[in-house]
Amino acid sequence: MSYIEINNDKLPDKTILEALCPFNSIEVSGEEVSINSSCRMCKLCVKNGPQGGFVFVENTVKTIDRSHWSGIAVFIEIEEHKIHPVSLEMIGKARELAQKAQQKVIALVIGNNLTNAAKELQYYQVDKVCAYDDKALNDFRIEPYTAVMEDFIHREKPAVFLVGGTTMGRNLAPRTAARFRTGLTADCTVLDIRENGELDQIRPAFGGNIMAHIQTPAHRPQFATVRYKIFPTPLRKNKTSGIIEYFSLPANKLTSSITVLDIHHKEKETHLENAEIIIAAGRGIGTQENLKLIDKLSNLLNAQVAGTRPMIESGLIDPRKQIGLSGRTVRPKLLIACGISGSVQFTAGMNSAERIIAINSDPNAAIFNTAHVGIVGDALEILPMLISNIESGKSLAMEAANV
Amino acid sequence: MDIMVLIKQVPMSSDVGVDEETGVIKRESGDTKMNPYDLYALEAAFQTREKMGGTVSVLTMGPPQAEQVIREAFMMGADKGYLLTDRAFAGSDVLATSYALAQGIQSIGKFNLIICGKQTTDGDTAQVASECSEFLNIPCITNVTSIPEINNDSINVISDMGQTIETVKMLYPCMIAVDKEIYQPRLPSYRRKKLTLNQNITRLNLSNLDDKDNNQYGLDGSPTRVVKIFPPPVQDEKEIWNGESDQLADRLLNLLKDEKFYQGGI
Ligand SMILES: Cc1cc2nc3c(=O)[nH]c(=O)nc-3n(C[C@H](O)[C@H](O)[C@H](O)COP(=O)(O)OP(=O)(O)OC[C@H]3O[C@@H](n4cnc5c(N)ncnc54)[C@H](O)[C@@H]3O)c2cc1C
Ligand SMILES: Nc1ncnc2c1ncn2[C@@H]1O[C@H](COP(=O)(O)O)[C@@H](O)[C@H]1O
């Protein structure tokens with residue numbers, strides 16, 4: 001068993017120990033120091049604690065023969081006979097990783113009547129499309145879909161498996177990862193690969209303002225899920241590439257104790273993901289009354305309004321307009337963040353916007369680390385002035401004077 | 001009808017940060033609470049018990065202090081509480097956590113329905129339900145927003161799939177992970193607090209599980225490794241504006257015009 005060894009004699013000052021651990025795992029009672037089961041083995045106590053006080057002991061170093069596993073697999077989600085756009089984003093990323101590690105991109109598509117979807121995938125530079133096309137796979141049901149994933153993995157032995165972080169992906173990927181007893185990193189925001197095929201996975205972690213760099217060194221495939229809009233959509237080429245292979249599974253592998261009774265479309269909402277300009281409001285904007293400023297500005301700029309989680313939780317903004325780790329990911333042309341502190345959970349959902357302007361009265365706000373233009377000031381003063389300038393055409397006059 | 005709810009103790013505050021210079025963790029407080037999403041899971045269990053009869057058990061894996069969340073579940077109405085705790089679980093990632101929970105559930109007994117919260121506020125992976133259901137070999141539906149029908153052999157649930165809303169029927173035994181819309185969680189009651197003060201919490205450790213191989217748990221049973229934790233990256237092409245509000249407003253309008261985000265309103 002790997003563990004953290006505690007050398008009591010090297011820990012003269014017990015009062016500083018508990019604070020070393022972000023997970024409250026170090027317990028001190030009198031002279032007794034112990035580590036409880038909430039430990040995440042982040043090893044910060046080893047690194048930052050008194051020299052030699054905490055020592056990481058790793059017993060068995062598992063290894064894997066990497067040469068048996070090759071290829072970047074992408075799960076293609078079919079939604080109403082169409083390819084979900086997050087799946088194309090995964091192909092784009094897979095292509096990039098494949099180039100670097102000299103591997104192939106293999107798309108796995110599951111459903112019923114897949115001919116068109118499989119052909120369409122060929123316009124996105126895949127090396128191979130594996131299509132499991134069966135009436136029994138028409139609706140998403142976890143058991144048959146997992147059986148297909150399993151069959152595909154045995155067949156292709158991919159080193160990496162990328163899955164879009166949709167409701168379906170977030171059920172299917174962990175289920176399959178558990179079946180293969182391999183690792184899965186959810187909601188990655190950065191993915192990279194080493195030449196030896198080791199996947200570098202980065203995500204905001206531990207519910208704090210911290211990023212974690214995660215690897216799956218001794219298990220394959222290396223599963224990662226990524227939310228919609230984190231990575232860009234790749235270009236559709238004008239000519240096709242790669243091959244399509246069709247597979248099927250025996251009927252007894254496709255049974256399920258789930259019956260889909262009804263599927264209905266959600267009301268068409270104006271998707272935040274498609275907005276070109278977003279004005280996002282945080283707790284610094286606060287009240288219903290002040291939100292009118294945001295609404296007004298968004299009308300003038302033809303923008304959509306969005307918010308941080310506290311704004312959603314206090315009922316001021318529609319939950320579908322939450323940006324961030326537990327909300328939506330957006331990449332608009334312009335995002336104006338007003339009264340937002342800039343926690344990683346928020347910025348994870350917007351830091352790939354092309355242009356980010358932040359207004360915050362606190363010069364040390366973390367949002368200024370993410371913004372391209374940081375305006376240190378009171379949003380409740382600046383926004384009304386901006387609005388009235390726009391409404392009165394002041395800047396038009398100024399511009400005319402400049403000519 | 002026997003229902004198991006998986007609940008977790010999480011830090012009260014998410015304000016954990018890394019000092020950029022020293023690399024030392026900064027945190028606000030060591031206080032903890034029940035994972036807020038698990039309150040909805042509990043409420044779904046109570047509502048189901050009201051319709052069907054039976055028992056609601058809760059299980060948490062965590063340090064000994066995690067007993068607190070079981071006490072809280074008792075105060076809300078849970079019948080039985082189990083704490084899975086062992087040093088061998090230290091360093092567990094999602095896989096090892098889910099495996100330990102599945103082993104724990106199996107050692108406790110048979111359940112028709114297992115209910116999880118949508119996600120935890122500290123791990124925030126929303127994967128434990130799916131992985132655990134695999135180890136239990138039962139079906140799982142996530143993002144459950146309501147339970148329109150409960151029968152003796154099956155449950156009908158509505159799940160939010162993103163673009164669509166699906167109504168599905170699932171036979172027992174099965175697992176669901178519920179979303180916040182499902183029911184409004186009840187508050188812990190003072191009466192129940194007094195009633196359950198001495199209610200027994202069953203402690204389980206590695207030796208109570210079927211699979212006692214400690215290579216399957218904790219760090220050794222975890223395929224993922226945290227290589228490094230670090231503060232979020234800083235935008236390097238940035239400019240900071242200071243000044244009076246009216247100047248800042250003027251500058252901002254000029255920028256919006258220069259970059260063609262605002263076409264002069266004509
Ligand atoms: C697991 C997990 C997931 C999460 N997911 C999300 C998520 O998806 N989305 C999300 O947003 N959050 C999420 N959070 C919460 C997140 O950590 C922060 O708490 C939240 O984003 C803070 O919101 P805020 O910036 O609006 O509020 P605050 O942090 O309170 O910031 C308010 C800011 O407004 C500034 N301000 C005040 N008055 C003015 C003024 N007059 N003019 C200008 N500036 C002013 C202040 O200086 C301050 O910086 C999550 C947290 C966890 C633990
Ligand atoms: N240590 C744990 N003990 C009991 N239940 C847990 C634990 N970790 C996660 N869960 C359950 O799994 C759900 C999803 O957690 P997560 O995958 O960590 O976001 C939670 O809402 C809980 O219901």
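Ligand 2 is surrounded by 18 residues, and the closest are B:Leu6, B:Asp38, B:Thr120, B:Thr125 and B:Ala126. This is a predicted model. Ligand 1 has 30 residues around it, and its site is shared between chains because residues from chains A and B surround it. An open sheet of ten strands with mixed pairing is also described below.

**Ligand 2**

- By class, the shell around ligand 2 comprises eight nonpolar, seven polar and three charged residues.
- An N or O atom in the side chain of B:Thr120 is 2.8 Å from an oxygen atom of ligand 2.
- The backbone also takes part: a backbone N or O atom of B:Gln127 lies 2.9 Å from an oxygen atom of ligand 2, and one of B:Ile7 lies 3.4 Å from a nitrogen atom of the ligand.
- Ligand 2 exposes 480 Å² when taken alone, and the protein buries 97% of that.
- S6 and S8 of chain B are the elements that give two or more residues to this shell; S6(B) gives the most, with three residues.

**Ligand 1**

- The shell residues divide into eight nonpolar, 17 polar and five charged.
- A polar side-chain atom of A:Ser341 lies 2.6 Å from an oxygen atom of ligand 1, while a backbone N or O atom of A:Gly339 lies 3.0 Å from an oxygen atom of the ligand.
- A nitrogen atom of ligand 1 lies 3.2 Å from a backbone N or O atom of A:Ser361.
- Taken alone, ligand 1 exposes 980 Å², of which the protein buries 84%.
- Two or more residues of the shell come from each of helix H7 (309-313), helix H8 (344-347), strand S21 (355-360) and helix H10 (379-392) of chain A.

**The ten-stranded sheet**

- The strand order is S17(A)-S11(B)-S10(B)-S9(B)-S12(B)-S8(B)-S1(B)-S6(B)-S7(B)-S13(B).
- At the edges are strand S17 (258-265) of chain A and strand S13 (201-204) of chain B, each of which pairs on one side only.
- Neighbouring strands are turned by 30 degrees against each other on average, direction ignored.
- Strands S9 (residues 140-150) and S10 (residues 154-160) of chain B run antiparallel and are joined by four bridges; B:Val144 has B:Ser159 in S10(B) as its bridge partner.

**Helices packed on the sheet**

- Helix H1 (residues 36-52) of chain B touches S1, S6, S8, S9 and S12 of chain B, and its direction makes about 150 degrees with that of S8(B).
- Helix H4 (residues 128-136) of chain B touches S1, S8, S9 and S12 of chain B, and its direction makes about 175 degrees with that of S12(B).

Terms used: Residues numbered from 1 in each chain as written. Chains lettered and ligands numbered in written order. Predicted model: local features only at pLDDT ≥ 70, side-chain atom pairs only at ≥ 80, totals over all residues. Heavy atoms only, no water. Pairing = 2+ DSSP bridges. Axes fitted to C-alpha atoms, helices over the stretch in contact; angles between N-to-C directions. Contact = heavy atoms within 4.5 Å. Near = heavy atom within 4 Å. Polar contact = N/O pair within 3.5 Å; in protein donor to acceptor, adjacent residues only side chain to side chain. Areas by Shrake-Rupley, 256 points an atom, 1.4 Å probe, with all protein chains shown as cover. Nonpolar A, V, L, I, M, F, W, Y, C, P; charged D, E, K, R; others polar.
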